[in-house]
Amino acid sequence: MFRLLGMLTRNLIYAIPAMMLAGFAYGLLADTAWLKAMIVPFTFLMVYPMMVTLKVRKVFEGGDAKAQILTQLINFGLTPFLAFGVGLLFFRHNPYMALGLLLAGLVPTSGMTISWTGFAKGNMSAAIKMTVIGLVAGSLATPFYVEALMGAAIPMQLSAVIKQIAVIVFLPMALGYLTQRWLVSRYGQQRFQRDLGPKFPGLSTVGVLGIVFVALALKARTIAAAPGLLLEILLPLLLLYGVNFLVSTVIGKALLPRGDAIALVYGSVMRNLSIALAIAINAFGTQGSDAALVIAMAYIVQVQSAAWYVRFTPKVFGLPEPEPESKQAPQPA
């Protein structure tokens, strides 16, 4: 089973569109009312395994302060307002779709931030810190950004949003960390990293795919009635991610060494869409499904763009410097 889950994790670029199609088909053919009850369990399944393997103590290590500061300035000083502006431009008459775009821009980083940084040969230590900081700060800030930017257009209860975030983010985060410490104390750090830790990311993938399935199933009949809606959603998402990639690449290339710059790109462009999706569906009632559709579409744009960026990284930032050889190569006789 874990081998299959690992394969799904490595092939999210195909698994997410496939799950969206499956959810769409199910939504057309079957009753979807019961699926709403699956959002919180799937979200818990997404966050909890990620926290079991996350090296929280890395946050307190130094060495990349400039990259961390620049990343969070983009995450909280630029991206939310960019998402809000793009939402006003494209979804002027549908505030809940604008909300979906805003939520997609509010919670930075996911477990894939670390993975994509590794694939691109970036600074993994910096990416881990960005993931922890972004997840905590974004979860705390999201209710207040939503109220400040969209409170006039969308009725919301601040306490209800805060409660949802506590349930879907901080509870599994705390349980995941406690699980990590228990496994390490029982089996040792070496066995945890070698044998136990690598099994958890696959479980997180199940949560991601489950949430995507539910989101598309719930909106399947709306999409079938107006298929052009998907294109209307895709255009603002492409704009949001395109500008984000451009800005973070320019800043990283100009101000940071190669490894830190790559971590900055993935630490500021990748968003925690699973948490955004759970907030949209659970905290905003029936109309939150419009926001959820935008966030579900964002999965496709985010995963595809992240994968393509890995391919272009050597052209943008150059090749990584070769590691120094520990021993002098033997000279030919």
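This report walks through a predicted model of a protein chain, from its overall build to two of its residues.

Local features are described only where pLDDT is at least 70 and side-chain atom pairs only at pLDDT 80 or more, while totals for chains, interfaces and linings use all residues. Residues are numbered from 1 along each chain as its sequence is written, and side-chain values use heavy atoms, with hydrogens and water left out.

**The whole chain**

Let's start with the overall picture. The protein chain has 16 helices and 0 strands; here helices (H or I, at least four residues) and strands (E, at least two) are DSSP runs, numbered from the N terminus. Its C-alpha trace spans about 75 × 45 × 40 Å along the principal axes. The radius of gyration is 20 Å, which agrees with the value near 20 Å for a compact globule of 333 residues. That radius is taken over C-alpha atoms, and the globule rule is 2.2 Å times the number of residues to the power 0.38.

Of the 333 residues, 52% count as buried. Buried means under 20% relative accessible area, exposed over 50%, and partly exposed in between (1.4 Å probe, protein chains only). Among contacts (heavy atoms within 4.5 Å) with a separation of 6 or more, 85% join residues 24 or more positions apart.

**Helix α11**

Helix α11 covers residues 200-218. Its 19 residues should span 27 Å at 1.5 Å a residue, and the end C-alpha atoms are 28 Å apart, which agrees. The expected span is 1.5 Å times one less than the number of residues. This helix is mostly covered, with 16 of its 19 residues buried.

**Two residues to look at**

Now for a closer look at Phe 24 and Thr 32. Phe 24 sits in helix α2 (residues 12-29), whereas Thr 32 lies in the loop between α2 and α3 (39-53).

| Residue | Relative accessibility | Class |
|---|---|---|
| Phe 24 | 24% | partly exposed |
| Thr 32 | 16% | buried |

Setting aside residues up to four places away in sequence, Phe 24 touches Leu 216, Ala 217, Ala 220, Ile 223 and Ala 224. With neighbours within four places likewise left out, Thr 32 is in contact with Tyr 26, Gly 27, Ala 217 and Leu 218. For a sense of distance, Phe 24 and Gln 189 are 165 residues apart in sequence and 43 Å apart in space, C-alpha to C-alpha.
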